[in-house]
Amino acid sequence: MKSGAADLHELLKKYFGFASFRPLQADIIRDSLAGRDVFAVLPTGGGKSLCFQLPALVRPGLTVVVSPLIALMKDQVDALQAAGVAATFLNSSLAAGESRPRLHGLHNGEFKLLYVAPERLMLSGFLDDLQRWNVNLFAIDEAHCVSEWGHDFRPEYRQLSSLREKFPGAPFMALTATATERVRADIIKQLHLRDPRCYVASFNRPNLTYRVSAKSGSCGQILDFIQARPREAGIIYCQARKTTEDLARKLSADGVTALPYHAGLTAGERTKNQEMFLRDEVRVVCATIAFGMGINKPNVRFVIHYDLPKNIEGYYQETGRAGRDGLPSECLLLFSPGDRVKQMRFIDEKPDPKEREIARAQLEQMLHYAEIATCRRESLLGYFGEKVVARASRPFDENQNRTGGTPVPLFNCGSCDNCLSPRATWDGTVAAQKFLSCVYRIREKSGFNVGMNHIVEVLTGADTEKVRKFGHQSLSTYNIGTEHSRAEWAAIGRELVRLGLLFQNSDKFNVIEITDDGMAALKERRKITLTKPVAAPEPDKEKHRAGEIACDEALFEKLRALRKQLADERGVPPYIVFSDVALRQMARFYPQNDREFSRISGVGEKKQREFGNIFLGEIAAHLQKNPRQMFADDSFDSGTGVPPVRTGRMPVPLRSRITDTVGETLHYYRQGKSVAEIAHIRGVVEGTIYTHLETAMQAGEAIDVDSLVSAEAQREIAAAFEKHGFVSLGRVVESLGGRYGYGPCRLVRAALQMKP
């Protein structure tokens, strides 16, 4: 079905309350509506769910969403129902009496979306039912679970490969937030996707700040961190179940409401603790990695890793649970070199040698991330194959680490600890010479290379069976490194690997080899500057962070309380009512009527009807006792010095981004080509070009609306928006008697919204 059969932007605003799509969403949706298989890698919080939810509203029939966790199903179905979308789920949490009416509704075609677990989906009787329910799309969420190379492989996901044979006419959509190139290829192969359109968004989460801190009295560190962020919610990931319980108990004793979550709790206990967190009744969940996959709580403001994660993919996905609403959030990793020893014990218990080898390589990559002195964001993006193009203000000196001075990173993100506060360096020439020499002497004597641990044992004079077996106690480098601990030597060795002076060969059990550059540095006694390890920071008392929506905080707290009350009455988490972004916009722009309220992010038609008068009343009551607050980037009336009364021109705080397809349209527009000419060149309808230009305007690009829409048309269209508001574009077009189409109305709407 062509996307022209329904106005996607109108549906987006009507049901979900958003004025524009996020990057890649519109393209993914149009390909899906055209009947193509689609594979999409979008970061957590990047809007994956909308890619299959919106097409479900356009096409006849049922969209089946395969989801791995019960909590995710209920969460998304609650949100869809709150927006007026007919959706349901079937899983083991439902009693027979609850399942029967849902099955009856499915037989009668009453639902547009069905969420189901893979185990339930693949039952033969259930597959027979699906054949009768007119399935128009299978959406495989968390698709990395289908790949053995993924960090969270689930054998039950492998059964999904047979769906293609049973439903040859239904298109497939596979979605995930974390997948390397190897995992992506495996997903496409396992699900038998047919010539899929593949979309890989940037893995960058610009609203997240990444920090690594040395462990030092861990509970005290965490308490200081949380107390500096009053009322904010977060997740603390721990390796051991006992740690989650001990930490939750200590935090609660110090006045921070916290609960544990791990696989050792009963299903009822896990559900209860999770629900209390989702409903803002506790601030912190202390959890093993069993918690969080698919949790849709958008206002998680921090994620702390109490222990070193096993791999980069898991770390990225877990940190991605912070700041899903786009507001600034923080990711803190507490690191001790001793964490490597703990993880190695678990790895050594794996029976499969290949599994052990892969796990060791993944752990080394995680250690590399924890210890690097350059930009952590660049390191994360590079792991997933994404190259950064921005550069620091000063050029990078490739010899700087050898000649001394503070390292200048190739990329400065401005929001990780290494970019914000580069770590101090020290003259590591002597230490590097000892380490390099030890690697060389071991190879010279034995004819083979060894791993990092053995080199450190030789340097520190360890009396081990392996040292004696190879006669390495007789080497000139034996016991010459007593000035450093074993953990310090291991860190030095890993930095020499990062500097390219050593090579850790993952194809040969991670043995350490000296490189040509390392040999040259050894022979020339080249000066080598090393970076001091991460340290525990001073307690952070700063509350407001760059990028947060500044607002009337007193009103924001009143609106939060109102949201909680309304959510409790309906038995749903508060963010199902409105997100923090929506509340902050209300507390900044003080909407006074339905038209102004409709322009708040996340306000669709159903929520406007259900909640508009309630929140408008709370805002009006606040303004009766308190003056409007002024913000640095607001317009002011020069005569009165107060913010102007807004008449439908509130800006869109979360702006669109320029995708490749929008950029191509901009290219032709800047050449002076008309909308019709661009549409002809690109082989699309004119409405698509108007949508691209609207997106560009929302991203801050200069589009001359006067050259595209006559002055008279602009006046008429603007008057229609003033009368009918911004929620329904179709209503405005209809009120104008068909004189102006959707395209010109889009441009005028964008121009009105972008005015101060």
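The largest nonpolar core in this predicted model has 110 residues, and the residues with the most contacts inside this core are Leu-121, Leu-130 and Phe-138. If we take Leu-121 and set aside its neighbours within four places in sequence, we find Leu-121 in contact with Leu-130 and Phe-138 themselves, and also with Val-64, Val-66, Val-116, Phe-126, Leu-127, Leu-160 and Leu-163. Apart from that core lies another one, of 30 residues, which includes Ile-678, Tyr-690, Met-697 and Ile-717.

Let me step back to the chain as a whole. There are 756 residues, and 55% of them count as buried, while the secondary structure consists of 35 helices and 17 strands. Among the contacts with a separation of 6 or more, 73% are between residues 24 or more positions apart. The accessible surface comes to about 32,000 Å², and carbon and sulfur atoms hold 51% of that surface.

Now to the strands, and to β12 in particular, which covers residues 300-305. Six of the six residues of β12 are buried, so this strand is largely enclosed by the rest of the structure. Strand β9, residues 233-237, runs parallel to β12 and is joined to it by five bridges, one of which pairs Ala-233 with Val-300. Strand β13, residues 329-335, also runs parallel to β12, with four bridges between them, and here Val-303 has Cys-331 as its bridge partner. As a reminder for anyone new to sheets, the side chains in a regular strand alternate between the two faces of the sheet.

The loop between β11 and β12 holds Thr-288. Is Thr-288 buried or exposed? Its relative accessible area is 10%, and because anything under 20% counts as buried, Thr-288 is buried. Not counting residues up to four places away in sequence, Thr-288 touches a run of residues from Tyr-237 through Cys-238, Gln-239 and Ala-240 to Arg-241, and it also touches Thr-244, Tyr-261, His-262 and Ala-263.

Another residue to look at on the screen is Tyr-199, which is found in strand β7, residues 197-200. Tyr-199 counts as buried because its relative accessibility is 9%. Which residues is Tyr-199 in contact with, leaving aside its neighbours within four places in sequence? They are Leu-24, Asp-27, Ile-28, Asp-31, Val-38, Phe-39, Ala-40 and Val-41. Of these, Leu-24 is 175 residues away from Tyr-199 along the chain, and yet their C-alpha atoms are separated by 7.3 Å. With Asp-31, the side chain of Tyr-199 makes a polar contact of 2.4 Å.

Turning to a helix, α17 spans residues 376-383, and its buried residues are Arg-376, Arg-377, Glu-378, Leu-380 and Leu-381. What covers these buried residues includes the strand β8 and the helices α14, α16 and α19. Just after α17 comes Gly-385, which takes a positive phi of about 80°.

Finally, a word on the cysteines. How many disulfides are there? The count comes to zero.

Methods. Residues numbered from 1 in each chain as written. Predicted model: local features only at pLDDT ≥ 70, side-chain atom pairs only at ≥ 80, totals over all residues. Heavy atoms only, no water. Helix = DSSP H or I, 4+ residues; strand = E, 2+ residues; numbered from the N terminus. Buried < 20%, exposed > 50% of the residue type's maximum accessible area, 1.4 Å probe, protein only. Contact = heavy atoms within 4.5 Å. Areas by Shrake-Rupley, 256 points an atom, 1.4 Å probe, with all protein chains shown as cover. Disulfide = S-S within 2.5 Å. Polar contact = N/O pair within 3.5 Å; in protein donor to acceptor, adjacent residues only side chain to side chain. Core = buried A, V, L, I, M, F, W, Y, C linked by side-chain atoms within 4.5 Å. Pairing = 2+ DSSP bridges.
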